[in-house]
Structure formats: C-alpha cells, structure tokens
Amino acid sequence: MPRPLLRVALAALVAAAVIVAGPWVLDTYTVNILVRAFFVAIAALTVDVLWGISGTLTFGQSAFFGIGGYALAIVFTQFGFGPGAALLAFAAALGVAAAVAGAVGWLSFYPGSTPLYASVISLVLPIVLVQILYSGGTFSGSSSGLVGFESFDLTLESWFRLSGLAVIVTLVATWIALRSDAGRVLGAMRDNDERCTYLGIDTARVRIGLLVVAAVVAALAGFGYVGFGGVAAPENAGFVFGTQLVVMVALGGRGSLIGAVVGALVIEVASAYLSSSLPFIWELIVGVAFVVVIIVLPGGLLGGLRDLVRAVHRRVAPAPAPVAAPVILATLEHTVAAPDRDDIVVEVAGLCKNFGSLTVLSAISFTARQGELVSLVGPNGAGKTTLIRCLADGRERSEGSVRIAGHSIERLPADRIVGLGLGRKFQAASVFETLSVADCLRVARVRKERPSLIGTSPILALPAAARAVVESSGLAERLGDEARFLSHGLKQALELAMVLALEPKVLLLDEPTAGLTRAERQGFADILTGLVASDRLCVLIIEHDLDFVRLISSRIIVLHQGRIALDGSVADVVDSPLVREIYTGRPAPDHCGVTA
Ligand SMILES: Nc1ncnc2c1ncn2[C@@H]1O[C@H](COP(=O)(O)OP(=O)(O)OP(=O)(O)O)[C@@H](O)[C@H]1O
C-alpha cells in the first residue's frame with residue numbers, strides 16, 4: 001500500500017475508534033450536539049470540494065441539505081414510518097437533489113457563463129426553495145416546518161457512531177477521489193479553466209457532474225440530520241445556512257478537507273453552547289471570532305496549525321526538501337497513421353470577424369498542409385491573435401468557414417475542436433500553477449486516456465514529441481515541482497509539451513518565444529522544426545521576430561489591417577518591399593498589390 005494511503009488508513013482507524021468510544025466519555029448534551037454537527041460537517045465538506053478544490057463559490061449546498069431533510073419529513077408525514085417509506089424517502093432525497101443539481105448546474109455552467117454567475121445562481125436557489133416551502137401549506141409545514149413524524153428508532157449512541165463514521169467515510173472517499181488521476185482535473189480547472197478547455201476537457205460537464213455528486217452527498221447529510229432530529233425546518237434549507245457552510249469552510253481552511261470538518265464542528269459546537277449561555281450575543285461572538293481568524297490565519301484554523309507545526313519542526317530540525325512521489329517517464333507508441341505529405345489540414349475560406357461595427361478580420365482565405373510551418377506576421381493590431389482564436393473556437397468568427405483535418409468546425413466550442421486534432425498554445429504560458437509538472441502533463445492526457453477515479457499511476461506516458469520537449473528543456477528533472485516555481489522559459493516549454501501530449505495534427509502558437517533567452521529561442525526553433533520534419537505536424541505560429549521567422553518557416557502569411565497582404569515563401573516575404581512598408585509605415589519604392 002502506498003505510504004500516503006497507509007497514513008490515511010491509520011488516521012481513519014484511530015478516528016473511528018474515537019467515534020466508537022465517544023458516547024462512553026461524553027455527556028448526552030454534547031453527544032446530541034455532535035450528531036447534528038457531524039451531518040453539517042458532511043455538507044460543509046461538499047462546499048469545500050466545490051469551492052476550495054474546484055473553484056466554484058457556492059451558497060446553495062444548504063438547499064440540497066434541505067431537500068434531503070424534507071424528502072424524509074414529507075414522506076414520513078404523508079405515509080408514516082416503515083421500510084417502504086424509508087426507501088421511498090431515501091430515493092426521493094437522492095433523486096430530487098440530483099435532478100435539481102443537474103438543472104442548476106446546466107444553468108450555472110452553460111457555455112459562456114462565468115464563475116460569478118454560478119455563485120449568484122447558488123444564492124438564488126435556497127431563497128427560491130424556502131419560498132416554495134413557505135407556500136407548501138401543511139404539505140411542507142410552511143414557516144414552522146414539519147415535526148412530530150415517526151422516524152428511525154435508533155439510540156443516541158447509535159446515531160453518534162453512524163454520523164461520526166459517515167464523516168470519516170466521506171472524508172476518506174473524497175480524499176481518495178481527489179488525489180486520483182481524475183480528481184486532479186478539479187484542481188486544474190480551479191487553476192486555469194481556459195487551459196483545461198484547450199486540452200479538450202468539457203469543463204462545464206465536469207462541473208455539472210461534480211455539483212450533482214456534491215448535491216447528493218449534501219442531501220444524504222440532510223436526510224440524516226432530519227432523521228435524527230425529527231424536525232425539518234426551512235432554516236436548514238435557506239440562504240443563511242448556506243452562507244454558514246461557506247464560513248465553516250473558510251474558518252477551517254478552504255481546500256483542506258479536514259479543515260472543512262473542523263470548521264463545521266467548531267462553529268456548530270460553539271454556537272450550541274454559546275446560544276444557551278449567551279443567548280443575545282453569541283452570534284456576534286462567532287462573527288468576530290471568524291473575522292479575527294480569517295485576518296490572522298488566512299489559511300483558516302488548519303492552515304494556521306500546519307504553519308505552527310512546520311515552524312516548530314524547523315526550529316527543532318531543519319526540514320529536508322519534500323520528496324515528491326517518483327514519476328516514471330514512458331513513451332507512448334505512435335498510434336497516428338503516417339500522414340500524406342500533401343494533406344491539407346487547415347482550410348480557411350472567407351473568414352471575417354467583427355467586434356460590433358469594428359471589422360478586425362476580413363475575407364481571410366488560406367490553406368496549410370501537414371509538414372508545413374506557417375508564420376503569421378504583421379504589425380500590432382493586424383488581427384493575428386484574433387485569427388488564431390477564430391480557428392480554435394467555432395463560436396468566435398462572424399462569417400466564413402474553417403476546416404481542421406478535413407472537418408468543418410461549425411460553431412463547435414474549443415474543447416470539441418481539440419478533438420478534431422488542434423492544439424493551441426497561448427502567448428503567456430498557460431499551465432496549472434499549483435499542480436506538479438507531471439500532473440500538468442497528466443491532465444493534458446485526460447482527453448486521450450480515461451483517468452482512474454480511485455488510483456494514481458506513477459507512470460507518465462507521453463507521446464514521443466511531448467517527451468522530447470520534456471527532456472530537451474530540462475523539465476524531466478523538475479517533474480515533481482509545482483509549475484508556479486518554474487522559470488518563464490520552462491513554463492513555456494511545459495505548455496508546449498502539454499499541447500503536444502494531445503497528439504495534435506495542427507499546432508497554433510501565439511508568440512511562443514516572447515521573453516525567452518537567445519539559447520531558449522534556439523532550443524524552441526530546433527524543437528519546432530523537428531516536429532514539422534519528423535512528425536509532419538502543421539504549425540501556425542504568430543511571431544514578431546523576423547529573424548526567427550526566417551529561421552523556422554516554410555511559408556509566411558502577412559496580415560495587415562485584418563487582411564492577408566502576402567502569402568508566400570520566406571524569400572518572397574521577408575525581403576518584400578510591401579513588408580518593409582507595413583512594418584516601417586514608409587512607402588516602398590517597388591510597391592506590389594495587396595492580395596486579399
Ligand atoms: N474583444 C475585443 N473587442 C474589441 N476589439 C478587439 C477585441 N479583441 C481584439 N480587438 C481588436 O482587434 C484588433 C486585432 O487585435 P489582435 O489582438 O488580433 O491583433 P494582433 O495582430 O494579434 O496584435 P498583437 O501583435 O499586438 O498581439 C485590434 O485592433 C484589437 O484592438
């Protein structure tokens with residue numbers, strides 16, 4: 001068993017032993033409070049996964065908690081308690097939560113929506129749900145909620161052990177899923193949603209799926225909470241409770257799973273004691289304590305504790321450098337059939353792009369073949385980046401058609417066009433800052449190889465081209481380092497390797513050498529010309545440095561004021577008087593016509 005897994009298994013066993021022993025040492029009042037706190041902690045954990053791990057701030061998990069609780073209360077009130085009713089309530093809790101989460105997820109993450117939009121919808125959801133509950137009359141109990149129904153006949157001790165073990169199981173399962181090959185995609189989405197999209201990952205679908213799972217877990221927690229307490233109250237489905245869950249996560253430490261549980265337990269237990277001993281000011285005390293913790297310990301209680309332990313440890317013994325799990329680099333068999341030298345893989349016809357009344361690209365038509373390196377040059381504002389965007393995302397262009405590897409891109413989103421064989425590297429290195437180099441590359445392979453939901457593979461298998469970039473750039477020695485610690489040049493190389501891991505037929509590069517040293521530029525030139533010659537990749541590159549362009553290009557397209565001014569060989573273009581005129585703004589003595 002791998003060491004981290006062993007450590008977690010041992011910690012879970014110790015925690016389970018504490019839970020089992022808990023009712024023997026704690027008084028009844030505390031046990032009562034903790035049972036509720038355990039169910040709330042599970043809901044807080046789902047907020048942490050959505051917000052802390054995947055980057056979607058949500059206030060709506062209370063709604064799903066409420067749905068789970070009300071499903072039980074309504075079914076038991078209407079049909080009485082029994083095994084059939086319990087099964088029906090359970091199915092209703094899961095089914096309704098999943099259906100509502102699916103609909104809310106679609107509204108929140110439809111193409112073009114922003115994270116802020118998702119947060120606003122999550123705010124509206126509990127408000128709408130509470131209004132529905134208020135207007136439900138005796139069916140939902142209106143503002144008083146539902147009470148007095150018969151529920152599961154368990155002792156307080158059993159509830160304590162059941163809810164405590166449920167927290168442990170949820171924690172361990174979440175931990176396993178998040179550190180799996182599939183789970184690291186969530187961290188990648190939080191770091192850089194756009195890069196995920198351009199690696200062919202349908203981030204909207206992943207986020208909707210995650211919301212459905214989180215909703216179902218929160219509903220189960222609500223089901224247990226109401227099953228134990230025998231009261232379904234609108235407050236436990238409302239916006240205030242949804243915000244409290246966010247506060248619990250922030251207090252405990254956003255992104256740390258145990259932090260969410262600690263935050264929930266601290267607030268629930270403190271609130272229970274303070275509300276009875278200091279009924280008028282306990283909310284104020286909790287609020288002030290929250291603000292103080294957030295200011296003094298931005299990483300939450302758990303983050304603060306971790307920093308303290310590290311500081312003490314450093315004083316006692318200087319900490320050795322953290323040892324990352326070893327990564328074994330491997331090369332994938334080349335599965336793509338050797339392409340024909342004359343294959344046209346980019347066909348652009350009559351492409352136009354308008355921003356309102358501003359026409360940025362007009363009547364752009366050209367083709368590019370496999371094994372060709374086409375440089376797009378032109379002065380600032382000529383429309384080069386806009387053209388790349390129109391090739392990489394079907395929703396960008398205003399008119400005209402684009403075919404990639406023989407397929408029309410229609411109005412397909414970027415992640416679907418990646419599937420046609422297109423890879424895009426951005427101007428500023430776009431990687432996953434908090435992921436290790438190896439994990440960035442693994443995420444880049446997700447579209448090609450379905451990742452495991454429970455395990456992690458120590459092997460990093462890359463196509464030969466991506467591996468060559470990793471090895472020639474020196475990234476092979478930095479596989480365990482987080483991407484944010486890489487130099488600018490290494491980040492550029494990492495992004496190129498990630499794009500090559502997609503095994504594209506067409507590679508779009510936007511000023512890849514900006515900010516690189518002379519040696520790094522030469523290395524980049526060697527890599528690109530090698531890819532074109534040996535893998536017969538079609539590369540379209542935006543570049544301002546005409547010396548670099550001369551060195552690498554098989555063809556050059558000059559864009560000027562949104563039109564193609566020249567399209568020809570290096571010799572034709574670089575020494576052309578028109579190009580001199582475009583770049584210097586002075587008329588050339590020997591003027592040739594603009595070919596649109
Ligand atoms: N979202 C937008 N809304 C309005 N105008 C835009 C938008 N994006 C780009 N433009 C305009 O389109 C024109 C072309 O911009 P683009 O970035 O494609 O040029 P470029 O050739 O890549 O320039 P550079 O070399 O400076 O990157 C510019 O005039 C720019 O101001």
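Trainee: What's the strand order in the open sheet of six strands?
Mentor: Keep in mind that this is a predicted model. The order is E9-E11-E12-E6-E13-E14, and the pairing is mixed.

Trainee: Which are the edge strands?
Mentor: E9 (422–425) and E14 (563–568). Each of them pairs on one side only. From one strand to the next, the twist averages 15°.

Trainee: Back to E9. Do E9 and E11 pair in the parallel or antiparallel sense?
Mentor: Parallel, over four bridges. E11 covers residues 506–510.

Trainee: And which residue in E11 does Gly-423 stand opposite?
Mentor: Leu-507.

Trainee: Which helix lies across E9 and E11?
Mentor: H19, residues 488–500. Its direction is at about 170° to E9.

Trainee: New topic. How is the protein divided into domains?
Mentor: Domain 1 is 3–251. Domain 2 comes in two pieces, 343–421 and 504–596. Domain 3 is 433–502.

Trainee: How many residues of domain 1 are in contact with domain 3?
Mentor: 14, and they meet 18 residues of domain 3. The C-alpha centres of these two domains lie 34 Å apart.

Trainee: Which elements give two or more residues to the domain 1 side?
Mentor: Helix H7 (156–178) and helix H8 (184–191). H8 gives the largest share, five residues.

Trainee: What's that side like by class?
Mentor: Seven nonpolar, three polar and four charged residues on the side of domain 1 that touches domain 3.

Note on methods. Residues are numbered from 1 along each chain as its sequence is written. This is a predicted model: local features need pLDDT of at least 70, side-chain atom pairs count only at pLDDT 80 or more; totals for chains, interfaces and linings use all residues. Two strands pair if DSSP finds at least two bridges between them. Axes are lines fitted to C-alpha atoms, for helices over the stretch in contact, and angles run from 0 to 180 degrees between N-to-C directions. Two residues are in contact if their C-beta atoms, placed from the backbone, lie within 7 Å. Domain bounds come from an automatic or database domain assignment. Ala, Val, Leu, Ile, Met, Phe, Trp, Tyr, Cys and Pro count as nonpolar, Asp, Glu, Lys and Arg as charged, and the others, Gly among them, as polar.
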